[in-house]
Amino acid sequence: MTAISAHTTGPAPPDSRPRDDPAAVSALSIDGVSHSYGARRALIDVNFAVASASFTALLGLNGAGKSTLFSLITRLFGIQAGRIGIFGHDIGAAPSEALRLLGVVFQSRTLDLDLSVIQNLLYHAALHGIAKREARRRSDEVLTRIGLADRAGSKVRDLSGGQMRRLEIARALLHRPRLLLLDEATVGLDVKARADILGHVRQLVIEQGIGVLWATHLFDEIIPGDDLVVLHQGRVLAHGPATNIIADAGARDINSAFMRLTGAAVDPGSSAS
Amino acid sequence: MSSTSVNRAPSGFSLTQYATCLNGIVWREALRFVHQRERFVSALVRPLVWLFIFAAGFRQVLGISIIPPYETYILYEVYIAPGLMAMIQLFNGMQSSLSMVYDREMGNMRTLLVSPLPRWYLLFGKLVAGTAVSLLQVYAFLVIAWFWDIAPPPIGYFTVLPALILSGLMLGALGMLISSGIKQLENFAGVMNFVIFPMFFASSALYPLWRVQEGSPLLYYVCQFNPFTHAVELIRFALYGQTNWISLAVVFCCTTAFMIGAIYAYDPSRGLVRRAPAGGEA
C-alpha cells in the first residue's frame, strides 16, 4: 500500500446546498454539539460536516475533544446538546439506521486478542446481522485486500501492531458502511505502517466513495487537498479545505497554521502533541 | 458515491438478522469459554469442593428433616446440590459481568455497543450467552454428582432446565447491572465479596430456612428477601419435577427488574455517559 497524494474532493460545505437536494445530505453532520463531564466542558458548540467520498482530517491536540466527539457519533455517549446526523439519520432518534451506515476504528484496540482473525471478523458480521456464509465470503475478500489471507486462522495477539490496525479497518468495512471514522488510527505504529494505513484509507475514499473522518494529532498525515477541521479545547477553530485554512491563517504550512490558530507552542517536529 | 441511497436504507432488521446476531454473541461467549479452560475447571471445582468436603464433613452435624420437595429423609449432599447448582450460576453471572468490565476497559465492549441492532437486544444476547455457558457448567456438575449418589429422578434432568434458564438469566442480569456501575476492573473484587458471599450464605443453599429461623429470626427474613434463595428453591423443586410458584414469581420479577435496570444503566444517555474517556483520550 502506498499513500496517495491525490485527493478527489474539496466540496463546498454540504450544508450550503439545498436541503431538498438528496445530494446535499452530508455523510456526517455535526450541528451545535456540546458535551460536558460534570463541570468540565469537553465540546462547545461544535459544527462541521463530512461529505461523501471525501477525506476529512480532524486535527487537535490530545485532550481536544476528538474521542468525546467520536463517542457521541457512535452513540457510546448520549448527546447532551445539538444534533448528529449520518446520511441524514439522527443518531439520537434513529440510531439503527445511522449506525448501520457507519464503520469505526477506535483509538484503543477493540479486537478480541484470544480469538483468531477470522473469528473476529465473523463476530463483527454477526453483530450486523450478516449471515455466516456471506460473512465468510466478505471476510475472505477483505483479508485478501489487506494481505492477511494467510493469517486468517492466527490468533490476533500474534499479529503486529500494523496488521492489527489493518484488520480493524477491514473489520470496520465488513458491513459496507458509507462513512468511516478513525480515531488516531496510526498511534504507536512505525513510519511505514502509518503510511500504509493512511494510503489504504485514502484509497478507500477514491475506490469505494466512502466518507472518512480521520482524527489525528499528527500534521504529516494531512495533505493540502484534505478537508480539515481544527478542534482545540472543545471548539472548532477552523473548518474547510486545508489550503484555505493555511492561507487564511497567513501561514506557510499546516503546522504553522495550527500554531497561529491555537496560539500553542508546538514542537517544530511533525506532531501537534 | 451518491447520497441518495439514504432513502433506500432499510429501517429495520429481519428476524433472521436478529437470530444471526444472537447466534454470534453466544458463539463468541462459547469460544471465549473454550479458550479459558481454567475457567471451566474452576467453575466445576468450586461446587465439587463444597460437595465432597464441606457436605461430607457436615453430614452428621446438619440433619435434614423431610421437607418439600423431598418425600423422605435425604443426605446433606442431596440437600445442598441445588444450592451448588445455583452457586455455579451465581459465579458465572458475576464472571460474565466481570468480562463486561474487562471488555469495556479493553475496548472490546465498544464493538458490541456500536452494532446497529437495538442495545437492549445486544445486552439480552450477552445475557443469553452467559446463561448458556452456565447451563453447560451445571450439567457437567450434575454428571459428576450422579457418581456421588446424588441422583434426582431422570425426568428431573429435563424439568430443571427451564428453572436453570430463568435463574441463570436473573443472576446474569444482576451481574450486568452491577457491571454497569463499575468503573475499573480492580473495583470488581470488592463487589464480588459484597454480593456473592452474602447472597450465597444468606440463602437456603446450605441449610433449610426453618433451621435458620431457629437460630436467627432476622437472618431468616433476610434469606426470605434474598432473590438467590428463590433461585435455589426454584431449582430444587424443578429437579424433582415440581414447581415452587412463589419462587418462580420472585425469580421472574427479579429477572425483569434487573434486566430493565441493566438496559437503563447501559443507555448511552445515562450509564456510560458520565464517564470521561479513559487514558489520554478526550
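**Strands E7 and E8 of chain A**

A:Leu181 stands opposite A:Leu213 in strand E8 of chain A. Strand E8 (211-216) is joined to strand E7 (179-183) of chain A by five bridges, and the two run parallel. Helices (H or I, at least four residues) and strands (E, at least two) are DSSP runs, numbered from the N terminus; two strands pair if DSSP finds at least two bridges between them. This is a predicted model, in which local features need pLDDT of at least 70 and side-chain atom pairs count only at pLDDT 80 or more, while totals for chains, interfaces and linings use all residues. Residues are numbered from 1 along each chain as its sequence is written, and chains are lettered from A and ligands numbered from 1 in the order in which they are written.

Six of the six residues of E8(A) are buried (20 or more other C-beta atoms within 10 Å of the residue's own; exposed means 12 or fewer, and partly exposed lies in between, with C-beta atoms placed from the backbone). A:Gly211, A:Leu213 and A:Ala215 point one way from E8(A), whereas A:Val212, A:Trp214 and A:Thr216 point the other way. Together with helix H6 (residues 191-208) of chain A, E7(A) and E8(A) form a right-handed β-α-β unit; right-handed means that, with the strands pointing away from the viewer, the path from the first strand over the helix to the second runs clockwise.

**The six-stranded sheet**

These strands belong to an open sheet of six, in the order E6-E7-E8-E3-E9-E10 (chain A), with mixed pairing. Strand E6 (102-105) and strand E10 (235-241) of chain A each have a single partner strand, so one side of each is left without a neighbour in the sheet. The twist averages 15 degrees from one strand to the next (axes are lines fitted to C-alpha atoms, for helices over the stretch in contact, and angles run from 0 to 180 degrees between N-to-C directions).

E3(A) pairs with E8(A) in the parallel sense over five bridges, and A:Phe55 has A:Val212 as its bridge partner in E8(A). Strand E3 (residues 55-59) is also parallel to strand E9 (residues 227-232) of chain A, through four bridges; here A:Leu59 is partnered by A:Val230.

**Helices on the sheet**

Helix H1 (residues 66-73) of chain A packs on the sheet and touches E3, E7, E8 and E9 of chain A, a contact being two C-beta atoms, placed from the backbone, within 7 Å. The direction of H1(A) makes about 145 degrees with that of E7(A). Helix H5 (residues 161-173) of chain A lies across E6 and E7 of chain A, at about 165 degrees to E6(A).

**The nonpolar core**

The largest nonpolar core has 153 residues, of which A:Leu179, B:Met170, B:Ala173 and B:Ile235 touch the most other members. Such a core is a set of buried Ala, Val, Leu, Ile, Met, Phe, Trp, Tyr and Cys residues joined through C-beta atoms within 7 Å. Helix H3 (residues 76-106) of chain B gives the most to this core, with 15 residues. Beyond four places in sequence, the contacts of B:Ala173 include B:Leu127, B:Phe258 and B:Met259.

**Confidence**

The model scores ipTM 0.77 and pTM 0.80. Chain B averages a pLDDT of 81 (the predictor's confidence in each residue, from 0 to 100). Among the elements of chain B, helix H10 (residues 227-239) has the highest mean pLDDT (94) and helix H8 (residues 209-215) the lowest (78).

In chain B, pLDDT stays under 50 over residues 1-11 and over residues 276-281. Where pLDDT is low, the predicted coordinates should not be read in detail.
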